[in-house]
Amino acid sequence: MRIDVVSIFPDYLAPLGLSLPGKAQATGLLELHVHDLRGWTRDRHRTVDDTPYGGGAGMVMKPEPWGEALDELLEPGVTLVVPTPSGEPFTQALARELATRDRLLFACGRYEGIDQRVLDEAHGRAEVREISIGDYVLNGGEVAALAITEAVVRLLPGFMGNPESLVEESHEDGLLEYPVYTKPASWRGREVPPVLLSGDHAAIAAWRHEQAVRRTAARRPDLVPASVVLDDVEVRPAR
Ligand code: 6GU
């Protein structure tokens with residue numbers, strides 16, 4: 001997979017050279033290019049923003065530099081990802097979908113966003129996904145681009161050392177993950193749940209599933225499937 005990122009703070013994306021995505025680059029699984037949007041400005045001050053038509057607080061990113069950046073980078077077959085708090089929710093399912101693409105291009109906006117005409121024009125040329133990583137506000141799309149990239153790259157075939165660990169983690173089965181334990185069996189007077197030491201694999205699987213359901217019901221009632229019933233757990237119906 002090739003990923004391009006356009007930002008006015010390219011240094012923000014430096015962590016992509018480390019850790020999991022860094023390993024993917026070293027093995028040739030991922031090709032990453034980070035670009036400074038100001039490279040596509042033409043004025044002396046390298047202006048990227050201006051006041052909003054219609055008034056209001058904040059600044060809007062001007063269309064011209066973005067237009068030139070996309071003319072160069074938004075080739076046929078590229079999926080344009082625009083991180084924005086007004087986008088569709090980023091989920092594990094969306095990460096899996098993006099992991100099937102050959103190329104992603106992140107357009108990281110700052111201020112109050114990018115002139116809408118840039119995205120409208122891009123829609124005619126490419127798949128455009130406006131994506132939010134949660135119901136809170138960040139200063140710009142860079143941190144969201146990092147999060148989305150890490151979630152996607154670890155799903156690329158051949159990336160994970162042990163693909164089994166992809167199957168069991170939170171959200172892959174629609175539930176939060178069950179609690180985990182390692183040695184020692186007793187620590188500061190706290191014992192590992194005895195079933196995990198029993199060697200009874202069916203009992204362990206059943207215990208883990210029940211723990212996952214309890215945890216999900218307590219923390220994320222919106223995720224509990226209607227078919228799951230646990231009499232001593234209060235499951236609030238999804239909105
Ligand atoms: Cl993708 N961008 C910004 N600026 N804020 C956010 C977000 C994205 N997702 C949640 N908040």
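Guide: Before we start, one term: a nonpolar core is a set of buried Ala, Val, Leu, Ile, Met, Phe, Trp, Tyr and Cys residues joined through C-beta atoms within 7 Å. Also, please keep in mind that this is a predicted model.

Visitor: Thanks! Which residues touch the most other members of the largest nonpolar core?

Guide: Those are F106, A107 and I148, in a core of 42 residues.

Visitor: And which elements each supply at least two residues of this core?

Guide: Strand 1, strand 5 and strand 6 do, along with helix 2, helix 4 and helix 5. Helix 5 gives the most, with seven residues.

Visitor: Back to I148, what does it touch?

Guide: Leaving out residues up to four places away in sequence, I148 touches V81, P83, F90, I131 and I133.

Visitor: OK, strand 6 now. Why is it largely enclosed by the rest of the structure?

Guide: Strand 6 covers residues 103-107, and four of these five residues are buried, so the strand is largely enclosed.

Visitor: How does strand 6 pair with strand 1, parallel or antiparallel?

Guide: Parallel, over five bridges. In that pairing, V5 stands opposite F106.

Visitor: How many bridges join strand 5 to strand 6?

Guide: Four, and these two strands run parallel as well. Here T79 is opposite L104 of strand 6. Strand 5, helix 3 and strand 6 also make a β-α-β unit, and the unit is right-handed.

Visitor: Changing topic: which residues surround the ligand?

Guide: The shell consists of P83, T84, P85, S132, I133, G134, Y136, V137, L138, G140, G141 and A144. Strand 5 gives the most to this shell, with three residues.

Visitor: What does the shell look like by class?

Guide: Seven residues are nonpolar and five are polar, with no charged ones.

Visitor: Now some backbone geometry. Which peptide bond is cis?

Guide: The bond from K183 to P184 is cis, and its omega is near 10°. You'll find P184 in the loop between helix 6 and strand 8.

Visitor: What about R46, what is its phi?

Guide: R46 has a positive phi of about 55°, although it is not a glycine. R46 lies in the loop between strand 2 and strand 3.

Visitor: Why does R46 count as partly exposed?

Guide: Because R46 has 14 C-beta neighbours inside 10 Å, and partly exposed means between the exposed limit of 12 or fewer and the buried limit of 20 or more.

Visitor: And R188, buried or exposed?

Guide: R188 counts as exposed, because it has 5 C-beta neighbours inside 10 Å. R188 sits in the loop between strand 8 and strand 9, and its phi is positive at about 50° although R188 is not a glycine.

Methods:
Residues are numbered from 1 along each chain as its sequence is written. This is a predicted model: local features need pLDDT of at least 70, side-chain atom pairs count only at pLDDT 80 or more; totals for chains, interfaces and linings use all residues. Two strands pair if DSSP finds at least two bridges between them. A crossover is right-handed if, with the strands pointing away from the viewer, the path from the first strand over the helix to the second runs clockwise. Two residues are in contact if their C-beta atoms, placed from the backbone, lie within 7 Å. A residue is near a molecule or strand if its C-beta atom, placed from the backbone, lies within 6 Å of it. Ala, Val, Leu, Ile, Met, Phe, Trp, Tyr, Cys and Pro count as nonpolar, Asp, Glu, Lys and Arg as charged, and the others, Gly among them, as polar.
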